[in-house]
Amino acid sequence: MIRTLFPSQMLPTARGTIGSAWKNHNKLHSEVSRTVHTRTKPRISPPPKLRPSSTQNNTTITPFGWGLLIIPATTFGLGCWQVYRKQWKEGLISELERKIHKSPVPIPDDLADLNQMEYETVTVRGEFLHDREIHLGPRACIQHGDSHTAGGLFSQKEASIGFLVITPFKLEGREDKILINRGWVPKRYLEPETRREGQVTGTVELQGVVRLPENRPQFTPKQRGAIFMYRDVEKMAAMGGTEPYYLDATVSSTVPLGPVGGQTRVTLRNEHLSYIMTWFSLSGFTTWLWFRQIVRGKSF
């Protein structure tokens, strides 16, 4: 039939043309397939794998880390303790103020009651036994708790060093004897012969503040001779032949050339508020530091 449609001279030419077209078709199909295959490949590389952080690797706190909490816990406890101490000290100061401003009362018949009356003022009547005088010092002259001269009796240089005159006192109408701190004198008037005007004789009435014995301060040498370094009432009473009770004469008992009365120092330090702020600040800072270093694992 082909031969009928096309002459025999044209058949070779037609066959060559068809063969070339088929080859070109196969070549084009191959190039298109390569192009499509290349375009289907992903051009973006996958993201790198992230390394887990130290907190992800270890989310638990070691016993040592928990043990470090003792630092903020301890400082917090000390702050609470200072709050209690502040309340106690304020109550003690209020109680002392009440006793100091309390009206004077006669000295009790039973001298043992004086042990519960520290810083209270009592009235006594009797006479001094100057031949048994004892000295306590060295001390600075004080008045109302401040170190300064009293009434211009002595120069500032003299008031910087002196002694307290402790004299046995026999109570009127009874055989009891007590110790009375008559007040302060400068060193040059330490001996009784240098201040004869101050050696009051006969029956006198005065007011005195009840004081209890004090413990020997640290590093204070022991008492030697008739000069005491601290208020050792027991030894003073034994030396003066009195009962172990001690009064500080008020400022109204002051005489020319001394002794200067009113040498009762009533000062109580109340610095607990600063301690409270210090301990609570340390507790807060160490807690923040523990959380940063142990829990979050951050370093400076």
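Buried means under 20% relative accessible area, exposed over 50%, and partly exposed in between, with a 1.4 Å probe and protein chains only. I start with that because Tyr119, at a relative accessible area of 14%, is buried.

**Ground rules.** I am working on a predicted model, where local features need pLDDT of at least 70 and side-chain atom pairs count only at pLDDT 80 or more, while totals for chains, interfaces and linings use all residues. I count residues from 1 along each chain as its sequence is written, and side-chain values use heavy atoms, with hydrogens and water left out.

**Confidence.** I looked up pLDDT, the predictor's confidence in each residue, from 0 to 100. The protein chain has a mean of 80, and 74% of its residues reach 70 or more. Residues 1–6 have a pLDDT below 50, and beyond near neighbours in sequence this stretch has three contacts in the model (contact means heavy atoms within 4.5 Å). Residues 145–153 are also below 50, with 19 contacts beyond near neighbours in sequence.

**Strand S7.** My labels for helices (H or I, at least four residues) and strands (E, at least two) are DSSP runs, numbered from the N terminus. How many residues of strand S7 are buried? I find 10 of the 10 residues of S7 (residues 177–186) buried, so the strand is largely enclosed by the rest of the structure.

Then I checked its partners; two strands pair if DSSP finds at least two bridges between them. Strand S6 (residues 162–171) runs antiparallel to S7, joined by nine bridges, and Gly162 has Pro186 as its bridge partner in S7. The two strands form a hairpin with five residues between them, and Gly173 in the turn has a positive phi of about 75 degrees. Strand S10 (residues 246–249) runs parallel to S7 with three bridges; there, Leu179 has Tyr246 as its bridge partner.

I also stopped at Thr167, which lies in S6. Thr167 counts as buried because its relative accessibility is 0%. Setting aside residues up to four places away in sequence, Thr167 touches Phe128, Leu129, His130, Glu133, Ile178, Leu179, Ile180 and Arg182.

**Cores.** A nonpolar core is a set of buried Ala, Val, Leu, Ile, Met, Phe, Trp, Tyr and Cys residues joined through side-chain atoms within 4.5 Å. The largest has 17 residues, of which Leu114, Val124, Phe169, Ile178 and Ile180 touch the most other members. Strand S2 (121–128), S6, S7, strand S8 (204–211) and S10 each supply at least two residues of this core. Apart from it I found another core, of 13 residues, including Ile134, Ile166, Trp184 and Met236.

Most residues other than glycine have a negative phi, and most peptide bonds are trans. So where is Tyr119, my opening residue? Tyr119 sits in the loop between strand S1 (105–106) and S2, with a positive phi of about 75 degrees although it is not a glycine. Phe219, in the loop between S8 and strand S9 (227–228), has a positive phi near 70 degrees. Phe219 counts as exposed, at 76% relative accessibility. Last, I noted a cis peptide bond from Gly137 to Pro138, with omega near 5 degrees; Pro138 is in strand S3 (residues 134–139).
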